[in-house]
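Trainee: I would like to go through this structure with you. Could we take the surface first and then move on to other topics?

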Amino acid sequence: MTDAYDPARDGAQMSFAKDMSYGDYLQIDRILSAQTTLSDAHDEMLFIIQHQTSELWMRLALHELNAARDLLKTADFRPAFKMLTRVARIFDQLNSAWDVLRTMTPSDYTTFRNALGQSSGFQSHQYRLIEYVLGNRNTALLKVHEHRPDLFAVLQAELETPSLYHVALDALAQGTGREFDPDCYRMTSPHRLDADVVAAWAEVYRDPHKYWGLYELAEKLVDLEDYFRRWRFNHVTTVERVIGIKRGTGGTSGVPYLRKMLEVELFPELWDLRGEL
Ligand code: HEM
């Protein structure tokens, strides 16, 4: 038997009485003490961690989206594209995560469903913020945040800021020498398909070499929406698998509500133009 390998021989730091450790830097104690189950059900831990990790990834998605939007405003396309690609990968990561949650059966979920009360992902302020940043600005959904003035203020501030798509439309207008209807820039309602915007994107797609930056921007946005749609689809399929036709803990019709959300188009012109080419 050989002695167990000691990394200290390779110079690994082994004492952190005075120095910042991994756990100190990442505040692991705080993160790992936030999984407070409200029942004795085995699967509640999975349910909590699945939501918490999703929220952490959403936090990063917002960090990237906000920075990408700022860069696009100053026509600094390259680093913005890198960030938008990262957001699409984050959603891809979240899509794979559903496979873990799907190991929870309806029987498992019913063992702790009552403990959740009326709480639901429907009240995720970060999810709503992502939708608002992207341009899907349904203000009716603000109300569930009224009890938290701090979060309400963050969402309201976002509604006073041009969305990522607004900024993309500015770049499109400038790059193709057009002007879009002010209706395209409404701050407090979801973006609606506009024929002039379709025509402008179509012009870009007909001559990618002339408009390479805008062409790449369009594809980055389509990619992002593609992965976001898959997240919505995976969510509703998992929900149907777990609760069937039951109402959600948040009080909506559940699966029918989530199916309706599948119809939302973030960047409708980018999908529409494909039929024009
Ligand atoms: C078994 C697991 C899950 C079930 C049964 C479930 C169920 C539901 C239901 C029924 C709704 C509609 C609102 C309501 O009435 O409650 C909803 C919304 C939502 N859920 Fe889930 N969910 C699950 C997992 C997750 C996970 C892991 C996340 C990740 C954060 C999540 C995020 C959301 C979000 C963001 C909404 C709002 C969607 C929108 O308004 O478009 N859900 N969920």
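Predicted model: local features only at pLDDT ≥ 70, side-chain atom pairs only at ≥ 80, totals over all residues.

Trainee: Which helix holds Tyr22?

Mentor: Tyr22 sits in helix α1, which covers residues 22-26.

Trainee: And what kind of surface patch does Tyr22 belong to?

Mentor: A nonpolar one, formed by Met20, Tyr22, Tyr25 and Leu26. Together these residues have about 520 Å² of accessible area.

Trainee: What about the backbone of Gln27, where is phi?

Mentor: Gln27 has a phi near 55 degrees, a positive value in a residue other than glycine. Most residues other than glycine have a negative phi. Gln27 belongs to the loop between α1 and α2 and is partly exposed, at 38% relative accessible area.

Trainee: What is phi at Ala75, then?

Mentor: Ala75 is not a glycine either, and its phi is positive, at about 60 degrees. Ala75 is in the loop between α3 and α4. With 55% relative accessibility, Ala75 counts as exposed, the cut-off for that class being over 50%.

Trainee: Changing topic: which protein atom is the donor to the iron of the ligand?

Mentor: The iron atom has a single donor from the protein, NE2 of His235, at 2.2 Å. His235 is part of helix α10, residues 212-243.

Trainee: Let us turn to salt bridges. How many does the whole structure have?

Mentor: A search of the whole structure finds 19. One of them joins Arg78 to Glu216, with 3.2 Å between the closest N and O atoms. That pair links distant parts of the chain, 138 residues apart: Arg78 is in helix α4 (residues 77-101) and Glu216 is in helix α10.

Trainee: Is Arg78 buried or exposed?

Mentor: Arg78 is exposed, because its relative accessibility is 56%.

Trainee: Which residue does Arg274 pair with?

Mentor: Arg274 meets Glu219 in a salt bridge, at 2.6 Å from N to O.

Trainee: Which residues are linked in a network of salt bridges?

Mentor: Arg69, Arg137 and Glu158 are linked in such a network.

Trainee: Now to the open spaces. What is the volume of the second largest pocket?

Mentor: That pocket has a volume of about 270 Å³. Its lining includes Ile31, Leu32, Gln52, Arg59 and Gln126.

Trainee: Which helix supplies the largest share of that lining?

Mentor: Helix α3 does, with 6 residues. Both α2 (28-32) and α3 (44-73) supply at least two residues each to the lining of the second largest pocket.

Trainee: How many cavities of 30 Å³ or more are there?

Mentor: The search of the whole structure finds 1. The largest cavity holds about 50 Å³ of space. Among the residues that line the largest cavity are Gly135, His166, Asp183, Cys184, Arg186 and His191.

Trainee: Is His145 buried or exposed?

Mentor: His145 is buried, because its relative accessible area is 2%, and the cut-off for buried is under 20%.

Trainee: How far apart are His145 and Ser124 in space?

Mentor: Their C-alpha atoms are 8.9 Å apart, and the two residues are 21 residues apart in sequence.

Key. Residues numbered from 1 in each chain as written. Heavy atoms only, no water. Patch = residues over 30% accessible without salt bridge, like charges linked within 9 Å, V, L, I, M, F, W, Y side chains within 5 Å. Areas by Shrake-Rupley, 256 points an atom, 1.4 Å probe, with all protein chains shown as cover. Salt bridge = Lys/Arg side-chain N within 4 Å of Asp/Glu carboxyl O. Helix = DSSP H or I, 4+ residues; strand = E, 2+ residues; numbered from the N terminus. Donors = N, O, S within 2.8 Å, 3.2 Å for Na, K, Ca; no water. 1 Å grid on protein atoms, 1.4 Å probe; cavity = no way out; pocket = protein on both sides within 12 Å on 5 of 7 lines; lining within 4 Å. Points joined across faces, edges and corners; volume = space filled by probe spheres on them. Buried < 20%, exposed > 50% of the residue type's maximum accessible area, 1.4 Å probe, protein only.
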